[in-house]
Amino acid sequence: MSKNIALITGVTGQDGSYLSEFLLAKGYEVHGIIRRSSVDYRERIAHLEGTPNFHLHYADMGDSMSLVKLVGKVQPTEIYNLAAQSHVQVSFDAPEFTADVDAVGVLRILEAVRTNHLEQSCKIYQASTSELYGKVEEVPQNEKTPFHPYSPYAVAKLYGFWIIKEYREAYNMFCCSGILFNHESERRGETFVTRKITLAAARIAQGKQDCLYLGNLDSLRDWGYAKDYVECMWLILQHDTPEDFVIATGVQHTVREFATLAFHHAGIELRWEGEGVNEKGIDVATGKVVVAVSEDFYRPTDVVNLWGDPTKAKKELGWNPQATSFEQLVELMVKHDIAKVAAEDAAANIRTMNLAEFLEKGIVK
Ligand code: NAP
Ligand code: GDD
């Protein structure tokens, strides 16, 4: 039997790290693309390095030559294209880079597969997004809901979605998009709203931060757990026919609800007062303002009503969208961040102790 060989772009990201673990556990040979950086941010996959079936290679989504060479060398049977400039707000500041990586990058992967004559043997998963629904035209959103992208990020991802569909039809390739709604975890980037909240709640509860500043508190999201969602990426490629799927929990909450629950798990009960930019989250026990609104986090256009209908994934892939509930997700993220903040303190104490010892011994003057 031929070996399953996966190539993951975006392996150092939240999803790439969970997907690597998932595929390694299934016996895959896993290859990941990393890019050169002056500081080494491989924290999420550090525990996998050295695993016999896990290999990392330098390449970049903006560099066709590197992708063509790598696909030729690895000869993957499945490619998971997760690499992206994935922050919506940042896409307003860096729209051209976002388009290059998130739109043209998808084309580069498809052409790398064709150039190596692998189009009939290599399946491709494209990390598409609920941001395509943008200024939503119906709720909840399913595979038939019209797209209305509402940020440079979403417009770039729309190109990715259509070029995948085009190559499927033009060249009979097994390439599919997972239209994934927001999914979070202990490994979520720290500037996405959920992680920003859970880290701040942990710091405020331990007296390390006074106040958390957020943008639009009314924004609605369908938040799931990233570890559950990577299974779906794999299931999409194991389906008999190449198709696109909505992946979501089917449950919607506001940013304010997420914050209320996160602070609760950090031991702080919040009371909300005021409206719009004047709204405040107040610690009921102390009367202190611990959450405030800053216009810095408002977006030129904001997507405010994402709510996915995962019926097709449930029926055709047998996937369980409720494996981890919203309540469990918030709790596990807060617990993780409470421990992380406490550990940072412990590490700082050890550094201080070392310095004192060095000073005493005259090693440091
Ligand atoms: P993430 O944590 O931001 O990871 C993004 C990955 O892309 C990182 O490994 C990053 O590498 C890599 N990357 C960025 N630019 C690159 C380039 N020019 N060349 C090579 N690699 C590059 O994102 P995520 O949350 O795991 O999401 C994975 C994918 O799913 C993304 O495409 C995202 O747009 C999409 N998506 C995410 C969600 C969600 O809620 N998480 C929902 C729908 C769709 P560095 O570590 O070097 O920066
Ligand atoms: N980041 C951030 N920071 N968002 C905030 C803040 C804040 O301080 N305050 C309110 N928000 C609101 C945003 O305006 C948005 O409406 C919502 O919270 C979620 O923002 P993010 O967590 O940054 O995620 P996103 O929905 O824009 O994008 C994520 O999900 C997409 C899928 O729907 C990313 O992971 C994308 O890559 C992904 O495609």
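Biologist: On what basis are residues numbered and values computed?

Modeller: This is a predicted model, in which local features need pLDDT of at least 70, side-chain atom pairs count only at pLDDT 80 or more, and totals for chains, interfaces and linings use all residues. Residues are numbered from 1 along each chain as its sequence is written, chains are lettered from A and ligands numbered from 1 in the order in which they are written, and side-chain values use heavy atoms, with hydrogens and water left out.

Biologist: Which helices and strands each supply at least two residues of the shell around ligand 1?

Modeller: A residue belongs to the shell if one of its heavy atoms lies within 4 Å of the ligand, and 24 residues surround ligand 1. Helices (H or I, at least four residues) and strands (E, at least two) are DSSP runs, numbered from the N terminus. The elements that each supply at least two shell residues are α1 (14-25), β5 (123-129) and α5 (152-171).

Biologist: How much of ligand 1 does the protein bury?

Modeller: Polar contacts are pairs of N or O atoms within 3.5 Å; within protein, one must be able to donate a hydrogen and the other to accept it, and residues adjacent in sequence count only if both atoms are side-chain atoms. The side chain of K157 places a polar atom 2.8 Å from an oxygen atom of ligand 1, while a backbone N or O atom of A84 is 3.1 Å from an oxygen atom of the ligand. With accessible areas from the Shrake-Rupley method and a 1.4 Å probe, ligand 1 taken alone exposes 900 Å², of which the protein buries 88%.

Biologist: What share of the exposed area of ligand 2 is buried by the protein?

Modeller: Ligand 2 is surrounded by 25 residues, with S130, Y153, N182, S219 and R299 the closest. Polar side-chain atoms of N182 and S219 each lie 2.6 Å from an oxygen atom of ligand 2, and a side-chain N or O atom of R299 is 2.6 Å from an oxygen atom of this ligand. Taken alone, ligand 2 exposes 720 Å², and the protein's share of burial is 96%.

Biologist: Why is strand β1 largely enclosed by the rest of the structure?

Modeller: In a regular strand, side chains alternate between the two faces of the sheet. In β1, I5, L7 and T9 on one side and A6 and I8 on the other are all buried, buried being under 20% relative accessible area with a 1.4 Å probe and protein chains only. The strand, residues 5-9, is largely enclosed because its buried residues number five of five.

Biologist: Which residue of β4 is the bridge partner of T9?

Modeller: Strands pair if DSSP finds at least two bridges between them. β1 runs parallel to β2 (residues 29-34), joined by five bridges, and T9 stands opposite I33 there. β1 also pairs in the parallel sense with β4 (residues 78-81) over four bridges. In β4, the partner of T9 is N81.

Biologist: Which residue's backbone nitrogen does the side chain of S91 reach at 3.0 Å?

Modeller: S91 is found in helix α3 (residues 88-93) and counts as buried because its relative accessibility is 0%. A polar atom of its side chain lies 2.6 Å from the backbone oxygen of V88. At 3.0 Å, the S91 side chain reaches the backbone nitrogen of Y153.

Technical notes: Buried < 20%, exposed > 50% of the residue type's maximum accessible area, 1.4 Å probe, protein only.
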